[in-house]
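Open the structure in your viewer and keep the selection tool at hand. The stops below are meant to be taken in order.

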There are 2 protein chains.
Amino acid sequence: METTGLVSFGRYTCSHLYFLLLIVLPLGQHTVEGVWPLPQIFTSSIERYPLNPQAFYFGYGRQSAAQFGCSVLDAAFIRYYSLIFPDYTGNGVLHNNLSVSAGKASLNAETVWGAVRGLETFSQLVYQDDFGSYFVNQTEIDDFPRFPFRGILLDTSRHFIPVHAILKTLDAMAYSKFNVFHWHIVDDPSFPYQSQTFPDLSRKGAFHPMTHIYTQSDVRRVISHARLRGIRVLPEFDSPGHTKSWGKGQSDLLTPCYSGSTPSGAFGPVNPALPSTYQFMATLLKEVSSVFPDSYIHLGGDEVNFSCWKSNPDVRAFMQKMGFGVDFTKLEAFYMENIVNITTFLNKTAIVWQDVFDYHELIPKDTVLHIWKGSPANYRKELSRMTKAGMRVLLAAPWYINHISYGQDWRNYYTVQPLNFSGTAEQKKLVIGGEVCMWGEYVDATNLTPRLWPRASAAAERLWSDEKQTSSVDKAFPRLQDFRCKLVRRGIRAEPLYVGHCKHEYQGV
Amino acid sequence: METTGLVSFGRYTCSHLYFLLLIVLPLGQHTVEGVWPLPQIFTSSIERYPLNPQAFYFGYGRQSAAQFGCSVLDAAFIRYYSLIFPDYTGNGVLHNNLSVSAGKASLNAETVWGAVRGLETFSQLVYQDDFGSYFVNQTEIDDFPRFPFRGILLDTSRHFIPVHAILKTLDAMAYSKFNVFHWHIVDDPSFPYQSQTFPDLSRKGAFHPMTHIYTQSDVRRVISHARLRGIRVLPEFDSPGHTKSWGKGQSDLLTPCYSGSTPSGAFGPVNPALPSTYQFMATLLKEVSSVFPDSYIHLGGDEVNFSCWKSNPDVRAFMQKMGFGVDFTKLEAFYMENIVNITTFLNKTAIVWQDVFDYHELIPKDTVLHIWKGSPANYRKELSRMTKAGMRVLLAAPWYINHISYGQDWRNYYTVQPLNFSGTAEQKKLVIGGEVCMWGEYVDATNLTPRLWPRASAAAERLWSDEKQTSSVDKAFPRLQDFRCKLVRRGIRAEPLYVGHCKHEYQGV
């Protein structure tokens with residue numbers, strides 16, 4: 001029997017990507033509410049169809065712009081076959097053009113990335129009965145994300161996160177439809193990025209020059225793994241603060257702090273008074289721009305402590321020469337303006353932490369401001385103020401997921417209302433999305449995964465789904481429990497939300 | 001060169017157990033402060049000796065009461081060989097009586113368990129230089145635990161913990177010299193213990209009757225694994241409260257709650273008014289006593305809610321008949337007295353939660369009271385009151401390690417002073433030890449290990465080491481960081497204490 005279109009995805013239907021699969025025989029009661037994050041528009045029935053792993057295959061539609069050879073989808077088909085049939089150890093019939101006379105489902109998407117998201121949704125619709133047979137219910141889905149930027153920040157400077165743990169995180173991100181990996185790759189404690197142009201930065205600034213670095217090959221592997229899952233990699237090279245580790249491999253970069261009239265031996269932020277600083281930053285950022293293909297680059301700019309600059313006579317002389325007086329925010333603004341201009345020349349769009357807006361409201365209009373400070377009252381005010389100035393913003397403040405407490409704190413992440421601030425409809429459109437930040441003071445590969453999942457998934461639904469349809473945190477609870485078990489089933493060490501069990505418990509050690 | 005006695009352990013030297021190992025050639029600077037928990041009495045020098053994995057072996061002393069064939073030590077030799085030489089993939093020369101003409105170290109211990117602890121200490125003394133060579137410094141150690149009871153509680157009812165995760169926990173416990181695994185095996189949410197006499201208890205009361213149970217074989221495996229590491233297994237069958245899951249497989253065990261004059265359909269604690277209850281408990285505890293060989297058995301007795309008992313007319317009638325009036329604490333006491341008496345007949349010593357003392361001060365004098373309630377002020381008062389009554393006590397209150405917060409909460413566990421309460425020297429002697437409790441509301445195999453380690457190790461040092469020598473939490477910090485890296489190196493997913501790195505990061509996923 002031919003049952004076209006039982007499962008369909010995607011808002012736009014330009015290039016008519018679609019895949020075929022076998023769907024036969026009614027029964028059952030699983031519904032689309034088992035999909036996390038919740039799709040925008042959906043209908044489903046209790047009519048269920050069994051899936052036969054031995055006969056199941058994905059295929060490209062005849063009129064699809066994408067065809068066999070589209071590396072992203074070819075790879076996704078292989079991945080999702082295993083995710084859909086976790087028990088099945090044989091080989092699936094992949095890309096086999098045998099026309100099997102049974103049901104099929106179609107997926108239409110404007111882009112390959114939309115198709116990848118649709119495959120994720122489809123994989124979550126498939127379930128097993130008590131006998132291990134696979135089923136999917138009759139379903140229609142029309143889906144799209146609420147916000148285009150749905151990120152997770154990992155901090156690989158306070159602790160080194162081995163590449164395999166980053167790749168595993170990317171896998172889990174795709175399951176929650178995150179699409180940006182914000183790689184806070186360097187900071188005060190260590191500089192693990194192995195630069196081609198400045199190899200001393202990691203040679204002297206990493207925790208270990210061989211075992212605690214990301215080589216160019218590692219970075220390419222991360223970017224490629226992310227890309228196949230529809231995830232962009234946003235590198236952050238935070239300056240002028242948060243750069244202690246840079247100073248080890250690059251002399252004359254950091255400001256020497258003074259105690260009275262003599263250098264104290266300590267170093268402060270990047271020295272904004274030396275032309276060599278900007279030459280170095282231009283060279284480094286040129287390399288970073290070419291290594292990381294994404295159109296965005298994160299330049300940091302947060303938490304600059306002025307005391308070292310103030311202590312340094314050369315910096316003070318520069319201030320006088322530039323007519324900044326004693327206003328060090330002008331110096332900070334001067335520095336950031338130069339850095340942002342460098343990235344503009346490199347055809348990149350800058351993202352900066354919100355501090356930069358406070359110092360300098362005249363940065364390029366396409367710069368994205370990253371809001372990280374404070375309480376809901378606080379970040380709402382900032383959302384208003386910054387969007388009123390016409391700036392695009394990215395919300396991280398309510399999702400500092402490294403902060404832990406006893407109990408169900410995922411509820412706090414879920415109930416965030418990113419657009420609940422005073423402003424016009426035009427202002428609201430300037431909120432491009434949000435980001436879950438996992439700062440690394442207390443986190444490395446030993447505890448990253450259970451701290452991140454499923455807590456980050458709560459934010460993922462907020463960033464993807466319709467707010468009205470997902471307003472009840474209590475209704476979300478059983479759905480998130482169910483999704484968490486799916487993550488565990490997929491080998492993600494996602495921690496439990498409360499008392500209970502999964503059919504398949506985590507089997508690793 | 002013959003260098004006997006460079007490393008020696010153990011306070012008592014009755015049976016002259018000792019092992020031999022190769023120690024040659026001086027250099028270096030590692031000290032005994034790298035051992036966690038800190039030994040009681042030690043001296044060490046910067047003189048270091050290289051260890052050659054290919055020639056290293058353990059042997060029994062000629063005058064040792066234990067000889068080849070002592071299963072605990074034979075197994076420990078194999079285990080510790082791998083722990084001492086983690087990089088070495090060849091086979092060590094185990095139990096080879098070749099007399100190699102080089103240094104040796106001796107370990108004297110009164111019992112095999114003391115020898116096992118000494119092996120752990122020795123394994124922590126061995127370190128590698130940058131070239132991967134193994135060394136140990138010249139060291140003399142005389143060691144013994146401050147408290148005889150150093151426990152960890154795992155709750156396998158709120159979440160099922162697969163056996164492999166329990167075994168891994170036992171491994172890590174041995175590294176911190178914990179010696180009691182308190183297995184809170186059943187509770188309200190599930191009954192995973194597969195009883196021989198009452199198989200319906202797990203068949204109907206477990207989360208799943210096949211995949212979420214501990215079979216008799218599983219239990220034997222846990223006990224055997226623990227025993228080889230010098231760890232006793234203390235089973236807890238908590239009643240009369242915390243027994244919801246019991247009722248599913250054993251009808252007429254729980255008290256039917258009433259709403260007015262009719263049963264509400266809900267059930268309360270075990271029904272203390274029926275003779276069948278005591279027959280059931282006697283049969284179950286007889287089985288438990290034979291399955292778990294330890295001389296202690298934990299009977300629970302905490303958090304009994306009287307409202308259901310109050311609602312039930314049969315229970316009220318029983319109260320009248322027994323002359324308890326309306327004092328339900330007398331009913332609770334009556335029940336616990338019966339249960340404790342059952343275990344006395346079974347030659348077991350009972351441990352009960354502190355609540356029991358509040359209800360009934362006339363329990364057998366050898367019963368151990370388990371203090372779990374409240375703030376330091378609170379538990380100190382209880383320690384005073386209970387030891388004044390001549391009862392032995394076990395302190396858990398300050399070590400509810402399932403409670404998490406952001407930052408270095410291990411400091412709170414480290415600074416506990418178990419004997420800092422008002423009482424005589426005789427009273428202080430009644431504190432037999434302490435216990436780290438990992439209740440299972442938010443914990444299963446996905447996050448158990450990083451939540452437990454190294455936070456539990458902070459309590460381990462408090463329970464093992466001299467309090468005066470370990471009074472500074474700041475001095476403990478780098479030592480615990482170092483020990484945590486040792487745990488990671490041994491494959492234990494122990495989380496970081498703060499910014500930094502280990503030479504060997506966790507490589508699992």
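This is a predicted model.

**Stop 1: the barrel in chain A**

Select strands β4, β5, β6, β9, β10, β11, β12 and β13 of chain A. In that order, these eight strands close into a barrel, and their pairing is parallel. On average, neighbouring strands of this sheet are turned by 30 degrees against each other, direction ignored.

Now keep two of the strands in view: β4 (residues 149-155) and β5 (residues 180-184) of chain A. They run parallel and are joined by five bridges. To find one of the paired positions, select L153(A); its bridge partner in β5(A) is H182(A).

**Stop 2: an open sheet in chain A**

Next, select β1, β2 and β3 of chain A. They make an open sheet of three strands in the order β1-β3-β2, with antiparallel pairing. Which strands stand at the edges? They are β1 (41-51) and β2 (127-128) of chain A; each has a single partner strand, so one side of each is left without a neighbour in the sheet.

Look at the pairing of β2(A) with β3 (residues 134-142) of chain A, which is antiparallel and has two bridges. Q128(A) has Y134(A) in β3(A) as its bridge partner.

**Stop 3: two helices in chain A**

Select helix α7 (residues 275-291) and helix α10 (residues 328-345) of chain A. Their axes are 10 Å apart, and the helices pack at an angle of about 35 degrees. The crossing of α7(A) with α10(A) is right-handed. To see where they meet, show the side chains: from α7(A), T277(A), Y278(A), M281(A), A282(A) and L285(A) meet a set in α10(A) that includes F334(A), Y335(A) and N338(A).

**Stop 4: a hairpin in chain B**

Move to chain B and select strands β7 (residues 254-259) and β8 (residues 262-270). These two pair in the antiparallel sense over four bridges. Y258(B) stands opposite P263(B) of β8(B). The strands form a hairpin with two residues between them, and G260(B), in the turn, has a positive phi of about 70 degrees.

**Stop 5**

Select W246(B), found in helix α6 (residues 244-249) of chain B. Is W246(B) buried or exposed? Its relative accessible area is 0%, so W246(B) is buried. Beyond its neighbours within four places in sequence, W246(B) is in contact with several residues, among them V186(B), F191(B), F280(B) and L284(B).

Then select S289(B), which lies in helix α7 (residues 275-291) of chain B. The cut-off for buried is under 20% relative accessible area; S289(B) has 10%, and therefore counts as buried. A polar atom of the S289(B) side chain lies 2.8 Å from the backbone oxygen of L285(B). Leaving aside neighbours within four places in sequence, S289(B) is in contact with I297(B), L346(B) and K348(B).

**Stop 6: helix α17 of chain B**

Finish with helix α17 (residues 473-489) of chain B. At 1.5 Å a residue, its 17 residues should span 24 Å, and the end C-alpha atoms are 24 Å apart, which agrees. At the N-terminal end, S472(B) caps the helix: one of its side-chain oxygens lies 3.4 Å from the backbone nitrogen of D474(B). After the helix comes G491(B), with a positive phi near 85 degrees.

Colour the buried residues of α17(B), including V473(B), F477(B), L480(B) and F483(B). The buried residues of this helix pack against α2 (112-125), α3 (163-175), α13 (410-414) and α16 (455-464) of chain B.

Terms used: Residues are numbered from 1 along each chain as its sequence is written. Chains are lettered from A and ligands numbered from 1 in the order in which they are written. This is a predicted model: local features need pLDDT of at least 70, side-chain atom pairs count only at pLDDT 80 or more; totals for chains, interfaces and linings use all residues. Side-chain values use heavy atoms; hydrogens and water are left out. The expected span of a helix is 1.5 Å times one less than its number of residues. Buried means under 20% relative accessible area, exposed over 50%, partly exposed in between (1.4 Å probe, protein chains only). Contact means heavy atoms within 4.5 Å. A polar contact is a pair of N or O atoms within 3.5 Å; within protein, one must be able to donate a hydrogen and the other to accept it, and residues adjacent in sequence count only if both atoms are side-chain atoms. Two strands pair if DSSP finds at least two bridges between them. Axes are lines fitted to C-alpha atoms, for helices over the stretch in contact, and angles run from 0 to 180 degrees between N-to-C directions. A crossing is left-handed if the near helix is turned anticlockwise from the far one by less than a right angle, and right-handed if clockwise.
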